[in-house]
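Here is a short briefing to read alongside the model on your screen. Take a look at the structure, then walk through the points below.

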Amino acid sequence: MDNILMNQKALKTLQQWDPFNIGEENYDTESADVVAALQGIDDPTKLANVIRVVYEHSFEQWIPFEECVDISYKLIAIKFEAKCIV
């Protein structure tokens, strides 16, 4: 899986997450920010912190850290799957 496919899969995963129940199509900017951060982060906790900050800043709503951790593990798995396939 190349970087483009990995990014597309990560974006789709984030958009389907819909943490504030406002519709999958309303997270384009946040999803792009998180996928950009994913490129340089391999630690799920660090990625979860980025996710929390990005989404809370954009929507001015609290989001449970555990939800951010759950989605971060999914994104890290996508990243490692992409790295392992040659």
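The notes below go from the overall fold to one helix and then to a few single residues.

This is a predicted model, in which local features need pLDDT of at least 70, side-chain atom pairs count only at pLDDT 80 or more, and totals for chains, interfaces and linings use all residues. Residues are numbered from 1 along each chain as its sequence is written, and side-chain values use heavy atoms, with hydrogens and water left out. The protein has four helices and zero strands; here helices (H or I, at least four residues) and strands (E, at least two) are DSSP runs, numbered from the N terminus.

**Overall fold**

- Along the sequence, the pattern reads α-α-α-α. The radius of gyration is 12 Å, close to the 12 Å that the globule rule gives for 86 residues, so the protein is as compact as a globular protein of that length. That radius is taken over C-alpha atoms, and the globule rule is 2.2 Å times the number of residues to the power 0.38.
- The C-alpha trace spans about 40 × 25 × 15 Å along its principal axes.
- Of the 86 residues, 41% count as buried (buried means under 20% relative accessible area, exposed over 50%, partly exposed in between, with a 1.4 Å probe and protein chains only).
- Among contacts (heavy atoms within 4.5 Å) with a separation of 6 or more, 64% join residues 24 or more positions apart.

**Surface and charge**

- The accessible surface comes to about 5100 Å², and 54% of that belongs to carbon and sulfur atoms. These areas come from the Shrake-Rupley method with a 1.4 Å probe; for residues, only the protein chains shown count as cover.
- The protein has 7 positive and 15 negative charges, whose mean positions are 8 Å apart. Lys and Arg count as positive and Asp and Glu as negative, while His and the chain ends are not counted. Each charge is placed at NZ of Lys, CZ of Arg, CG of Asp or CD of Glu.

- Helix α2 (residues 28-38) has Glu30, Ser31, Val34, Val35, Ala37 and Leu38 as its buried residues. They cover an arc of only 160° around the axis, which puts them on the same side of α2; the arc is that of the directions from the helix axis to the C-beta atoms.

- Most residues other than glycine have a negative phi.
- Aspartate 18, in the loop between α1 and α2, has a positive phi of about 45° although it is not a glycine. Aspartate 18 is buried, with a relative accessible area of 15%.
- Asparagine 21 is also placed in the loop between α1 and α2, and its phi is positive too, near 55°. Asparagine 21 is exposed, at 69% relative accessible area.

- Valine 50 is found in helix α3 and counts as partly exposed at 24% relative accessibility. Leaving aside neighbours within four places in sequence, valine 50 is in contact with Ala37 and Ile41.
- Cysteine 84 lies in helix α4 and is exposed, at 64% relative accessibility. Cysteine 84 and arginine 52 are 32 residues apart in sequence and 28 Å apart in space, C-alpha to C-alpha.
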